[in-house]
Each structure stands twice: as structure tokens, then as C-alpha cells.
Amino acid sequence: MQEKGTQCQDRQEKLCYIYLMSEDNFNSTAITNGLNTRFIGQNVLYYPILTSTMEIARQQAIKKALEGTAVIAVRQTRGKGRLNRTWLSPEGNISMSIILYPAKKHLPFLTILASLAVLHSIEDSTGLKCQLKWPNDVLINGKKVSGILLESQAKTDNVVYATIGFGINVNMKLKDYPEITSIATSLSDELGKTTSRLALIRNLFTEVEELYLKLQSGQSLLDEWQERLITLGKNIHVRSGEAIFEGIAESVAEDGGLLLRCSDGNLMKFMAGDVTLR
Ligand code: ATP
């Protein structure tokens, strides 16, 4: 039997680490065993290492994997952020994508759903208080603890698939990552001790399912999402391509777009896929 950290050849990657048993018994059996959901997380594809869980999730979704299938990597070598940015995903964190086949009208609400699910599961599992930054970040004390990425393929009147990527900094020591130390945090840095990924991920499955069923039954997630958005009411800069717009983040539109009141009085709407806030 190889020890944690032993280098070996792998089909996915030239170099990988065999990661047999982690500190909190974080493996697919433990993740799904007795899980109290109908479909989210009932099928788990678990990898010691991946370039990105989004790639495997996309391949699986094209092959019509079961709805709610979760692709989990102990660590990612090319974790993806929005707009082709990198998401650092060392082991000890949660790197996961969930496959859904939503109605087209629900597609704009999946990032909202995912960020609320992360917020609820962190607050329930740790007692820490979270905030949301429009459109896709979960923060603790103003620093990013989780990022969410939505990818989808849609036709004129239906969605072929949607994959939601979750990156959660659970046991990452931010002092080891100077490039993001000033903007990011982790649950273990906040709590001063390691945190169980297992409890958090199982909680997250329950939250995702609850909110997804809510959406399907016609309920809106916008009110709670707006209440938790710290972006609103602030003076912000919105970068869209080469252009930068400044104004007050006034509110969100019915489709989750951000409404910016510019200094000339105009109201501009920005959608999540296109812009960066500074
Ligand atoms: P903005 O805040 O400008 O709107 P964003 O937060 O939406 O951007 P994302 O695509 O969600 O950006 O995340 C990618 C960015 O997050 C990276 O460019 C980097 O600055 C930062 N980052 C990368 N890895 C992590 C991590 N593990 N934890 C927190 N932040 C990270």
C-alpha cells in the first residue's frame, strides 16, 4: 500500500499523489453513506487529483450522467475561476462540480443558488458568519472563502446541461499563498483549527438540493440573496473588457444582473459572466 504523498504515474496526469486516507476520512463512500438527499451527491466521482473538476463534469454531463452527480478532486492542478482566471485548489480544500439539467428559465439563478448553499453550509457547519459578493463569491470578514463557477450548454429552448463548480477554502493556510493572502481566507484560518470537509460537503449537498427544489417549485431565491450581498449600496468599479464604470451598486434585477447607478444618473445593468468588480 502506498502512503499519502507517494508519487506515481497516472492516466490523468504524469505526476500525481496517491491520496488514500485523508485526515477526516474524506472519500466517496464516507461522502455518500446515508446521505439524506434524493439526488444531489448520491453519485460521486472522486479523484485524488484532476486538472479541473469542471472538465470531467462537462464530459459526464454530455454522456448524460445522473442529475446531481458530483465530481470531487482532492486537489486540482488547473482550477478555474471566471474569465479564465486560476482558482488555487490545494488538498485540504473542497474542489467539486455538480451536474444539473435545469429548465432554461432557472439557469440565471444557479450561481445565486450555489452561493446561498455554500453560505448556509459554512454557517451551519462552523458557526462563522458569511457575506456574499456579487456575483459569485462567498466571503468571511470581507475575504473570499469560496468561489463559484457556472458553465452550461443551452439550445434555443432547453438546457443541455449545467455544471456548477465549487471551490471552498477549508484547510488552506493562506500564509503559504502570498498572491492571494490579502484577499482570501479559509475556514481553518478563521477558526484556528482544521475543519471537516466531510461534514461540510454533505451539508452542502442538502442545501443545494433544497434550494434547487425551491427554484423548481417556483419560489424565488432573490430576496435572501439580496439581503446577504455586501456589494449593494457601495461605490464600486465595474470592469467590462477594457471599459471601467464607476457608480453605486443600487440593486439586483429580476435575473440577478447588477444595477449600477453611474455618477451621471444613468442606471446600467451588468451580467455575471462579463464583468469584474473592484
Ligand atoms: P472579482 O472579485 O474581481 O469579481 P472573482 O472573485 O469573481 O473576481 P473568480 O473568477 O471568482 O474571480 O476567482 C478567481 C480569482 O480569485 C483569482 O484571480 C484570484 O485572485 C482569486 N483566487 C484564486 N484562488 C483562490 C482561492 N483558493 N481562494 C480565494 N481566492 C482565490
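The model is predicted, with local features requiring pLDDT of at least 70 and side-chain atom pairs counted only at pLDDT 80 or more, while totals for chains, interfaces and linings use all residues. Residues are numbered from 1 along each chain as its sequence is written, and side-chain values rest on heavy atoms, with hydrogens and water left out.

A polar backbone atom of R82 is 2.5 Å from an oxygen atom of the ligand, and a polar side-chain atom of K144 lies 2.5 Å from a ligand oxygen atom. A nitrogen atom of the ligand, in turn, has a backbone N or O atom of L88 at 2.9 Å. On its own the ligand has 630 Å² of accessible area, of which the protein covers 89%; these areas come from the Shrake-Rupley method with a 1.4 Å probe.

And where does the ligand sit? The space that the ligand takes is the largest pocket, under the criterion that more than half of a molecule's atoms lie within 2 Å of the pocket's grid points. A pocket is an open set of points, on a 1 Å grid over the protein atoms alone, where a 1.4 Å probe fits, with protein on both sides within 12 Å along at least five of seven lines; lining residues have an atom within 4 Å of a point. The volume of the largest pocket is about 870 Å³. Its lining comprises 42 residues, with W87, K133, D137, K144 and I183 nearest the centre. Elements giving two or more residues to this lining include α2 (53-62), β5 (94-100) and β10 (235-240). The largest share, four residues, comes from β8. The lining divides into 17 nonpolar, 16 polar and nine charged residues.

The peptide bond from W134 to P135 is cis, with omega near 0°, and P135 is placed in the loop between β6 (131-133) and β7. L83, although not a glycine, has a positive phi of about 50°; its place is in the loop between β4 (70-76) and β5. Strands (E, at least two residues) and helices (H or I, at least four) are DSSP runs, numbered from the N terminus.

Notes
Polar contact = N/O pair within 3.5 Å; in protein donor to acceptor, adjacent residues only side chain to side chain. Points joined across faces, edges and corners; volume = space filled by probe spheres on them. Nonpolar A, V, L, I, M, F, W, Y, C, P; charged D, E, K, R; others polar.
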